[in-house]
Amino acid sequence: MTALTLENLTLSYQRHPVVHHVTGAFRSGSSTAIVGPNGAGKSTLLKAIVGLLTPDHGHVRFEGVARRQLAYLPQQANIERQFPISVLDTILLGAAHAGSRWQRWFGGSSKAERERALAALDQVGLTGFEERPVGALSSGQFQRVLFARILLQDAPLILLDEPFTAIDARTTHDLLRIVAHWQAEGRTVIAVLHDFEQVHRHFDQTLLLAKECIGWGPSAEVLTRDNLLRANGMAERWVADAAVCHRDDEEVAA
């Protein structure tokens, strides 16, 4: 069973190609690592799946789930941490999103939601941190909070953009255990990663991207020396003024 399909997907920023004619499917319950050279279009692809970018051509089709059911963790560098909000309230935003309660958020959270949030905080190893401001946390602690927020969303499809970058080894180990738990529950996990050892050990599928799809399938079959050399060479051949496909007038399927 398929969770979502990419059909001839082409994406660009200011008419400069970033992802070019990518086609393939993410199976329901699979764990897929998206890897490739810097500038290969990995984060851009996630943004298109989430709906933050409109394709120039092609479609993102959700089959086993709806877009509103996904949980998305962007790169930590792109998240504003200076807003005066506590750890617990940050996690509770996950409950607001999961229950489509944005319009009722300022009415407060329920007792059951707060209990779930505290349980999620315990699951990520931050019991006792609920009243701390997120701006006072280390990078590793803040990433644990963001994982706790995803736990509250209870989403069948989870997208993670470089979730283990610039955090300590202990935090990475603990968060990978949560990813393994999601996999055991049959959730579909898609993550942009750089560490090939993490990919081989924790993700059964790999999409190797270098603006174009170099390989997509079982990780051991995709992450070969020849494919990696091809990906690096492909990335080097793309130039800033490369042509892009004209924007498709059809909307991305929701």
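Reader: How do you know that strand 3 and strand 7 pair, and in which sense do they pair?

Author: This is a predicted model, and what follows is computed from it. Two strands count as paired if there are at least two bridges between them. Strand 3 and strand 7 have four bridges, in the parallel sense, so they meet that definition. One example to look for is Ile34, which stands opposite Val192 in strand 7.

Reader: What happens between strand 6 and strand 7?

Author: Strand 6 and strand 7 also pair in the parallel sense, over five bridges. Here Asp161 stands opposite Val192 in strand 7.

Reader: Which strands make up the sheet, and in what order?

Author: The open sheet has six strands in the order 5-6-7-3-8-9, and the pairing is mixed.

Reader: What makes strand 5 and strand 9 edge strands?

Author: Strand 5 (70-73) and strand 9 (212-218) each pair on one side only. From one strand to the next, the twist averages 15°.

Reader: How do strand 8 and strand 9 run, and how many bridges join them?

Author: They run antiparallel, with six bridges joining strand 8 (residues 205-210) to strand 9. Thr206, for instance, stands opposite Gly217 in strand 9.

Reader: Why is strand 7 called largely enclosed?

Author: A residue counts as buried when its relative accessible area is under 20%. Five of the five residues of strand 7 are buried, so the rest of the structure largely encloses this strand. Both of its faces are covered: Thr188, Ile190 and Val192 are buried on one side, and Val189 and Ala191 on the other.

Reader: What makes a right-handed β-α-β unit here?

Author: Its parts are strand 6, helix 5 (residues 169-184) and strand 7. To check the hand, point the strands away from you: the path from the first strand over the helix to the second has to run clockwise. The unit here is right-handed.

Reader: Which helix lies across strand 3 and strand 8, and which other strands does it lie across?

Author: That is helix 1 (residues 42-50), which also lies across strand 5, strand 6 and strand 7 and runs at about 150° to strand 6. Helix 4 (residues 139-153) packs on the sheet too, touching strand 5 and strand 6, and its direction makes about 175° with that of strand 5.

Reader: What is the order of the open sheet with three strands?

Author: Its order is 2-1-4, with antiparallel pairing. Strand 2 (16-27) and strand 4 (57-62) are the edge strands, since each pairs on one side only. On average, neighbouring strands of this sheet are turned by 15° against each other, direction ignored.

Reader: How do you know that strand 1 and strand 4 pair?

Author: Use the cut-off of at least two bridges again. Strand 1 (residues 2-13) and strand 4 have five, in the antiparallel sense, so they count as paired. Leu4 has Phe62 as its bridge partner in strand 4. Helix 1 turns up here as well: it lies across strand 1, strand 2 and strand 4, at about 120° to strand 1.

Definitions and conventions. Residues numbered from 1 in each chain as written. Predicted model: local features only at pLDDT ≥ 70, side-chain atom pairs only at ≥ 80, totals over all residues. Heavy atoms only, no water. Helix = DSSP H or I, 4+ residues; strand = E, 2+ residues; numbered from the N terminus. Axes fitted to C-alpha atoms, helices over the stretch in contact; angles between N-to-C directions. Contact = heavy atoms within 4.5 Å. Buried < 20%, exposed > 50% of the residue type's maximum accessible area, 1.4 Å probe, protein only.
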